[in-house]
Amino acid sequence: MKLAKLAQALSLIFFAGAAFAQQDVQKGERIEITGSNIKRVQDEGALPVQVITRKDIDRRGITSVEELLMTISANGTGADNLSSNVGIQLGTTDRNNNGNSSANLRGLGASSTLVLLNGRRISNHGAKGNAVDLNSIPLAAIERVEILKDGASAIYGTDAIGGVINFILRKDFKGIELTASTDVTQHGGGDVHRFNILGGWGDLSSDRWNLMAALSYDKQEILNGNQRSFHNGFQPDRGLSPDTTGTPFASQTGSAGTALGSSFRTPSGGIQNYNRANLLSFQGKCDSVPGMSQYQDRLWGNLGFRYGCAFDYGGSEVIIQPVERTQFVGRGTFQINSNHTAFAEVIASRTDATKSFEPYQITTTLLPGANYPVAGPYYQDLSQYISTFNRNLPIAYRWRCNDCGNRMIETVTDAYRALLGLEGVVFGKWDYKLGLSQSGSKADSTLEHGYMYTTPMVAALASGQVNPWLLPGQSQSAQGAALLDAARADGASLFGGEAKLTQFDGALSGEVFNLPAGPVAVAAGFDYRRESYKFRDGEVTAQPIYQAPFDAEFAEVSRTIKAIYGEVSIPILKSLELTGAVRHDEYS
């Protein structure tokens, strides 16, 4: 039984307007500008393309493609890059920004921004699956970046609704270029180390061949929030204060069947019911523990939290995540004759990124059986402050488990693309290009530190041997520390994914006749792609891990995309042209 066609897309666009400056080219050279399939002699086009050159990148001291795009006003960052601390939530939208950085032009989403390398597609990230990983782009070998900030679905397809970013690599390079640098911060943390070597041999104009290879390595060290004084979430005079009572010195929580009960009152509180109780709050000493402060009940409108302490979890987060990148680019070009050029290109990269979040906030009422037992050696009796406190019942509490450590997820991503191409002139001023490529990305995420297996963690808390009320200078007993260590999920596989893209494409462009303002040019082409993606769970499904972010596993899925397109450029005046484009995509 044949599968029915699920989707077809047809795009049509006409645009008339003043030309925008593009880039410097040699006189008479015909180039293809991002946003159009028509090669032009002039360095002008009808769409707003921003060009960032190699000099611009070096002058700004930019160290990664993600950092480069953060300087683009049209690019929305948010949850789409490694600088964001999202990705800890469940769900495919946030899943595995741990190791992925995506472009997001005009805020329309990473899946609506088309990322090209030398004008052709590359595979999406192996774990995220719906967007290209910017870490796989070799910054050291980039000649320029062309950014089309307008939608271009009629030119490239529906994944270009938000815009197009085209990374163009160096091609006819000769000589050896070696660079190494280190950026060291004044107050420590966040240092950056880089090493690049680029070599090129042969001259296309005289030797008819050129070989180029580039190898780069860069390391971004971690910058912790506690290394900067401005990273402070407790500024109540400015309306800023933490909104949680999950503190390193635990706050007891109101719950039926516990020592505190569902709520309590104090002699000075009138008819107000409270459901948070922290010993340090009653003593006016919330700030005696680093990162803790008195809960601002009136600021948040939670009057029942009056006797709780708050914890600046934002201040304990990481400002800059640690990343290591190794990238290789190899390109060989052979000029068959004056009209035809063949080339082969190989790009490979490995990215090792570690996301780090604040320690667990553990609410024992969400872990049945984990309430602190009456017979526990650290049982906390608050009857001195709460007359209704029942010391014969267990304690429910909310605790920031600093002893668990920061939650850390390491993601290793391997990406590649191999490309064979042929381009040149067929006759007169008619140009052609053909390309066959395959690219892929494989990502694996591991729980490096700070995550706990649920069952042994509940048992450890219920034993009463783990003390959630530690003051500065105090530490867990040998028994408590051993129970926590036995529950650790360090090294457990979280999930992994793999994406592949095979593409065969071709285009023909040229001039058909002349008008007073210039030649009328047309282009036509085809695009055939095969995309596949698979995602798997790691060990978290075999043995539950507390608050581990993961999604359901599914087998490999694939689709075929067939596209044909056409484009015309009609000069009206020397500085005004009319362009039209039509494209038909068929998705299996």
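Here are some notes on a predicted model, point by point.

1. Ground rules. Residues are numbered from 1 along each chain as its sequence is written, and side-chain values use heavy atoms, with hydrogens and water left out. As the model is predicted, local features need pLDDT of at least 70 and side-chain atom pairs count only at pLDDT 80 or more, while totals for chains, interfaces and linings use all residues.

2. Overall make-up. The chain has 7 helices and 29 strands, taken as DSSP runs (H or I over at least four residues for helices, E over at least two for strands) and numbered from the N terminus. Of its 588 residues, 52% are buried, meaning under 20% relative accessible area with a 1.4 Å probe and protein chains only; exposed is over 50%, and partly exposed lies in between. Take the contacts (heavy atoms within 4.5 Å) between residues at least 6 apart in sequence: 73% of them join residues at least 24 apart.

3. R400. You'll find this arginine in strand β23 (residues 397-400). R400 counts as buried because its relative accessibility is 2%. A polar atom of its side chain sits 2.9 Å from the backbone oxygen of P359, and the R400 side chain also makes a polar contact with the side chain of Q361 at 3.3 Å. (A polar contact is a pair of N or O atoms within 3.5 Å; within protein, one must be able to donate a hydrogen and the other to accept it, and residues adjacent in sequence count only if both atoms are side-chain atoms.) R400 and P359 are 41 residues apart in sequence, yet 6.4 Å apart C-alpha to C-alpha. Leaving out residues up to four places away in sequence, R400 also touches others, including T244, G246, F311 and Y313.

4. S251. This serine belongs to strand β15 (residues 251-253) and counts as buried at 0% relative accessibility. A polar atom of the S251 side chain lies 3.3 Å from the backbone oxygen of T245. Beyond its neighbours within four places in sequence, S251 has contacts that include A277, N278, C309 and Y397.

5. Helix α7. In α7 (residues 478-487), G480, L484 and A487 are buried. They are on the same side of α7 because they cover an arc of only 60 degrees around the axis, going by the directions from the helix axis to the C-beta atoms. The exposed A478 and A486 are on the face turned away from that buried side. Part of the cover over the buried residues comes from α6 (454-462).

6. Second largest cavity. The structure holds 5 cavities of 30 Å³ or more. On a 1 Å grid over the protein atoms alone, a cavity is a set of points where a 1.4 Å probe fits but cannot get out; a pocket is an open set with protein on both sides within 12 Å along at least five of seven lines, and lining residues have an atom within 4 Å of a point. The second largest cavity has about 80 Å³ of space, and its lining includes L117, S136, Y416 and R417. β24 gives the largest share, 3 residues.

7. Second largest pocket. This one holds about 580 Å³ and is lined by 28 residues, with N124, G129, N130, E531 and R559 nearest its centre. Elements giving two or more residues to that lining are β7 (113-117), β26 (492-515), β27 (518-537) and β28 (554-573). The largest share, 4 residues, is from β27.

Definitions and conventions: Points joined across faces, edges and corners; volume = space filled by probe spheres on them.
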